[in-house]
Amino acid sequence: MMQNMEKRAFTPKPGMLARRFAARLCGAVLRERRPLDDAFAHLAQRAPFNGLEPRDKGFARAIALTALRRRGQLEDILARFVEKEPPVASGTLRDILITSAAQLAFMGAPPHAVIDLAVDLTKADPDARRFANLVNAVLRRVAAEGAGIAASQNAEALNTPDWLWLRWRAHYGVEEARRIAAQHMAEAALDLTVKSDPAGWAATLGGVVSATGGVRVIASGMVSDLPGYAEGEWWVQDAAATLPARMLGPLDGRRVADLCAAPGGKTAQLAFAGASVVAVDRSSMRLERLRENLARLRLSAETVAADAALWRPDERFDAVLLDAPCSATGTLRRNPDIAALKSEADVAALAPVQARLIDNACALLKPGGVLVYCTCSLEPEEGEWQARKAADRLDLVPAPVAADEDDALAPHLTGEGWLRTTPGRMPADNPNLAGMDGFFAARFVKKA
């Protein structure tokens, strides 16, 4: 009988393990400074979380994403009800509070279940258990007042790190900065690049045809379970990410180097357009995933594991597409952990890397060849400034994109004929069908 009682004592309540997973994911990002995707992949394969159903893992991820998207608001709400900051040595207390508050204030979860499970999670952590009464009291206040407080907060500013908020206001203006930050609070849609018949696939998948000609659906469940995935009829690629390759013009029969190619959406786009593609990336593991995706899509490309800043093959190319590593601040709507992991120092540190990659990309071109340089960053140092410097120091002539060249590019062209998208640029009645990643792209021709 005693053994049965002990067994019952250690059996988690329904929903407890998923919420523990969510708290652990937030802790990995906020305290250990690990990317969310890496933390999820690591923890999902290990006990006790490897026994969770896919639905429960998805729920845990949704909680963590909400907590990260609304982190500024949640910290402001919690600070109103926590009289004294808990000590650093309090285990998972902060992770439990922020993920539980996210459920109460923004996810419409039943308060009794959230609070009860949060208290149990706190008691199960030896370093946090002495704060169980605090958790109970604070979350009861959040359940009663949190949604009302949230409605009165300056959400855009609170949820954006100060360094980014100040930068975006200076570079884009106050209203555009607000539109960018507002879009980061909505879950990003799933964008698919389809091989043919966008309207037909939109109907099949319950989505809409996007302004860039792809299909946009509200993300739900496993991507691999959607119709057309196994048959290789489409691939996942943000609407903004499809635009730089279009700046290369007609590709049929042209030899193209895709630098920093993984995960491979642009490689697939180039190959499907008829180019003979060499995909270069320094990560052999990421290249393997790229090859697997190309095989599913029945597309082909050569792959090379190399540092794209140093790679010098014997041949020269008709065109080079360089999607350079960057701070990735344009992808916050999909990756809200970036707000916690990146700093202004990262922008400065990456600028020389981008310059070296542009230098080598120029060297890989034939005279008269076309280079498109792009980054998924909203920061001018990684976009406009790099493009201007490249034209000054290299045998590259800017090749502005004309407004009548491509209807998909036209709404996003700057006065210099460069591409600049921001998350607030693709509005929709449903906020979960709106927005696009922030991208910059510039086109050059190598001097003869």
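**Figure 1. Leu25 and the residues it touches.** In this predicted model, Leu25 makes contact with Leu36, Ala39, Phe40 and Leu43, and also with Ala60, Arg61 and Ala64. That list leaves out residues up to four places away in sequence.

**Figure 2. The largest nonpolar core, 53 residues in all.** Here's Leu25 again, this time with Phe21 and Val142: these three touch the most other members of the core. Helices supplying at least two core residues each are α2 (16–30), α3 (36–44), α4 (54–69), α5 (71–81), α6 (93–106), α7 (111–124), α8 (132–152) and α16 (338–341). The top contributor is α2, which puts in 9 residues. Nonpolar side chains do tend to get buried together in soluble globular proteins.

**Figure 3. The largest cavity, with about 100 Å³ of space inside.** The model holds 2 cavities of 30 Å³ or more. Around the largest you'll find Leu68, Arg69, Asn159, Thr160, Pro161, Trp168, Ala181, His184, Leu332, Pro336 and Ala339. Sorted by class, that lining comes to 7 nonpolar, 3 polar and 1 charged residues.

**Figure 4. The second largest cavity, at about 50 Å³.** Its lining is made up of Arg19, Ile96, Thr99, Ser100, Gln103, Val114, Ala118 and Leu121.

Conventions:
Residues are numbered from 1 along each chain as its sequence is written. This is a predicted model: local features need pLDDT of at least 70, side-chain atom pairs count only at pLDDT 80 or more; totals for chains, interfaces and linings use all residues. Side-chain values use heavy atoms; hydrogens and water are left out. A nonpolar core is a set of buried Ala, Val, Leu, Ile, Met, Phe, Trp, Tyr and Cys residues joined through side-chain atoms within 4.5 Å. Buried means under 20% relative accessible area, exposed over 50%, partly exposed in between (1.4 Å probe, protein chains only). Helices (H or I, at least four residues) and strands (E, at least two) are DSSP runs, numbered from the N terminus. Contact means heavy atoms within 4.5 Å. On a 1 Å grid over the protein atoms alone, a cavity is a set of points where a 1.4 Å probe fits but cannot get out, and a pocket is an open set with protein on both sides within 12 Å along at least five of seven lines; lining residues have an atom within 4 Å of a point. Grid points are joined across faces, edges and corners, and a volume is the space filled by probe spheres set on the points. Ala, Val, Leu, Ile, Met, Phe, Trp, Tyr, Cys and Pro count as nonpolar, Asp, Glu, Lys and Arg as charged, and the others, Gly among them, as polar.
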